[in-house]
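User: Hey, can you walk me through this one? I'd like the plain version.

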Amino acid sequence: MFGPGRAGVRSKLSQGVEGVEHPGKLITFEGPDGAGKTTQIQMTARVLEESGYSVVKTREPGGTRLSEAIRQLLLDPCYNEMSAVTEALLYAAARAQIVGEVLLPALRERKVVLCDRFVDSSLAYQGYGRGLPLEMLRAVNDFALNKLGRFCTILLDLPPEEGLERSAGEMERDRLEQENLSFHRRVRDGYLSMAREFPGRIKVVDASADPRLVQEQIQEYVMAYLTGRDQGGAFE
Ligand SMILES: Nc1ncnc2c1ncn2[C@@H]1O[C@H](COP(=O)(O)OP(=O)(O)OP(=O)(O)O)[C@@H](O)[C@H]1O
Ligand SMILES: Cc1cn([C@H]2C[C@H](O)[C@@H](COP(=O)(O)O)O2)c(=O)[nH]c1=O
């Protein structure tokens, strides 16, 4: 069911996991901190519900009792001793739980699931940001995704300084937001690099525009995916 794989460059560990078909649709929203993911998910959900879709909104890390507890550990600035590998594994653990407890059941029930961040965040932040090997992250996350299958990703692109500025004053910066600007620039560049590599699944939207204009662009991609004009893609 999947498009051409990248067998030549993929880790042996991450090979051989095939996705399963499910009747629902998963749409993930990605981008730098403060890019407008939460705002756009709310707007998208409203439009889809008005059109008769049954929508589930959730977020990563989080979305289940256990994953929200892991989120606390990950984002609390008091854990500044956390190693990059521990961080990557905690994000993957939180993801395994939401996949099993929320995503797969909702997709089997034909729901449209809108997820604030997903596996691309791990590649962008722990891979491009922290410098962990992408192949190891792909292997661990293949395991966490448990044959989830195809999905579509909206990448809200914004210079990190603008995103951090938007969120300034909302709350104390969390452990990841407190990283320096060069970390956040690597994260953004990582996202854009993945979008070039997987244009079938990852759709880039300019997040610097007015929220209504951003939403118009998103709706085009979302409707193309929901009506089958666009197939999305599997995580690879
Ligand atoms: N297109 C936009 N232009 C200007 N401000 C915006 C835009 N979209 C959202 N905002 C504002 O920016 C702030 C961050 O938005 P939002 O919480 O939706 O981003 P986010 O990507 O979910 O952030 P985080 O990654 O920190 O969870 C909010 O104050 C929101 O009102
Ligand atoms: C899923 C995921 C997230 N992160 C980072 C990205 C953000 O800085 C925080 C989550 O906070 P938000 O307010 O919900 O955006 O966690 C990450 O580094 N790796 C991941 O896999």
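Analyst: Helices (H or I, at least four residues) and strands (E, at least two) are DSSP runs, numbered from the N terminus. This is a predicted model: local features need pLDDT of at least 70, side-chain atom pairs count only at pLDDT 80 or more, and totals for chains, interfaces and linings use all residues. Residues are numbered from 1 along each chain as its sequence is written, while chains are lettered from A and ligands numbered from 1 in the order in which they are written.

User: What does UniProt list for residues 29-218?

Analyst: The unreviewed UniProt entry gives "domain: Thymidylate kinase-like"; such annotations may be inferred rather than shown by experiment.

User: Which residues come nearest to ligand 1?

Analyst: G36, K37, T38, T39 and R166, out of 14 around ligand 1 (C-beta atom, placed from the backbone, within 6 Å). Elements giving two or more residues to that shell are α1 (37-50), α6 (160-167) and α8 (211-226). α1 gives the most, 3 residues.

User: New topic: where does pLDDT stay under 50?

Analyst: Over residues 1-17. pLDDT is the predictor's confidence in each residue, from 0 to 100. Where it is low, the predicted coordinates should not be read in detail. The protein's mean pLDDT is 92.

User: And what does V113 touch?

Analyst: Leaving out residues up to four places away in sequence, V113 touches G24, L26, V56, T58, L103, A106 and L107 (C-beta atoms, placed from the backbone, within 7 Å).

Definitions and conventions:
Contact = placed C-beta atoms within 7 Å.
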